[in-house]
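Here is a short note for a colleague opening this entry for the first time.

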Amino acid sequence: MARPAEGRQPAAPMSSGQAARRVRILRAASELGAREGLASVQMHDVAKEAGVAIATLYRYFPSKPYLFMAILEWHIEQFVGGHGNPAVAAEGTDPAADIAELLITLSVKLLDSPLLASAVALSSFTEYTSVVPARADLVDSPLGQAILRHLGGVREASETDRSRARLLIYGWWGLFVAMLTEELTTEEAETNMRLAARLLLTP
């Protein structure tokens with residue numbers, strides 16, 4: 001089976017049809033990952049399930065770890081979109097509490113599919129920077145932007161705001177993995193998430 005060239009950036013969808021194919025791949029891989037786990041999912045099975053050629057699959061996703069990290073990003077994007085996109089947090093609200101609850105709810109939703117959650121976590125630990133050399137700053141992801149909106153509304157985010165959002169995302173990810181591996185109970189992880197948000201986000 002042909003493999004993509006080392007260091008090649010994944011293709012970006014340029015048309016609605018290409019975007020739809022990419023989503024079909026993500027949905028198919030999500031379903032396979034939720035049923036079978038990372039080790040049992042084969043790229044040719046994903047292509048078959050999605051109804052695309054294997055070359056098309058590798059065009060958008062150069063490796064299996066990259067594919068499952070894209071699945072995580074896709075699920076987060078859907079989650080954030082489903083929770084609205086307020087331009088400004090309501091007056092009198094507590095941004096630290098709101099953001100903590102958003103991240104806790106996201107963790108619970110991802111853990112609803114334990115095998116898929118394990119697949120994306122394992123993929124995050126796999127070295128694939130030689131295949132995809134550059135990735136965007138976490139703060140520019142849908143999750144990072146949602147946190148910044150809660151912090152500052154429509155004003156331009158400062159570098160301090162961006163650093164706080166970045167640290168919070170890393171903290172959330174560590175707690176998510178701890179919940180997945182049962183190093184922490186759900187209650188312990190939620191308590192720690194609220195504390196992290198309070199420490200990082202309260203002026």
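1. Start with a pair of helices. H5 and H7 are roughly antiparallel to each other, because the angle between them is over 145 degrees. Keep in mind that this is a predicted model.

2. The geometry is as follows. H5 covers residues 95–110 and H7 covers residues 142–152. They pack at an angle of about 155°. Their axes are 9 Å apart. The crossing of H5 past H7 is right-handed.

3. Which residues of H5 and H7 meet? From H5 come Pro 95, Asp 98, Ile 99, Leu 102, Leu 103 and Leu 106. From H7 come Leu 143, Ala 146, Ile 147, His 150 and Leu 151. By type, the residues of this contact are nine nonpolar, one polar and one charged. Asp 98 is the charged one, because Asp counts as charged.

4. Now the salt bridges. How many does the structure hold? There are four. Three of them are described below, one to a point.

5. Arg 198 pairs with Asp 94 in a salt bridge. Their closest N and O atoms are 3.0 Å apart. Arg 198 sits in helix H9 (residues 186–201), while Asp 94 is in the loop between helix H4 (64–82) and H5. The pair therefore ties together parts that are 104 residues apart in sequence. Arg 198 has 38% relative accessibility, so it counts as partly exposed. Asp 94, at 32% relative accessibility, also counts as partly exposed.

6. Arg 162 and Asp 140 form a salt bridge through their side chains, at 3.3 Å from N to O. This pair, too, links distant parts of the chain, 22 residues apart. Arg 162 belongs to helix H8 (residues 159–180). Asp 140 lies in the loop between helix H6 (114–124) and H7. Are the two partners buried or partly exposed? Arg 162 is buried, because its relative accessible area of 16% is under 20%. Asp 140 is partly exposed, with a relative accessible area of 45%.

7. Asp 161 and Arg 164 also meet in a salt bridge, at 2.8 Å from N to O. Where do they lie? Both are in helix H8. They are three residues apart, about one turn of the helix. Asp 161 is buried, and Arg 164 is buried as well.

Technical notes
Residues numbered from 1 in each chain as written. Predicted model: local features only at pLDDT ≥ 70, side-chain atom pairs only at ≥ 80, totals over all residues. Heavy atoms only, no water. Axes fitted to C-alpha atoms, helices over the stretch in contact; angles between N-to-C directions. Helix = DSSP H or I, 4+ residues; strand = E, 2+ residues; numbered from the N terminus. Parallel < 35°, antiparallel > 145°, perpendicular 65-115°, else oblique. Left-handed = near helix turned anticlockwise from the far one by under 90°. Contact = heavy atoms within 4.5 Å. Buried < 20%, exposed > 50% of the residue type's maximum accessible area, 1.4 Å probe, protein only.
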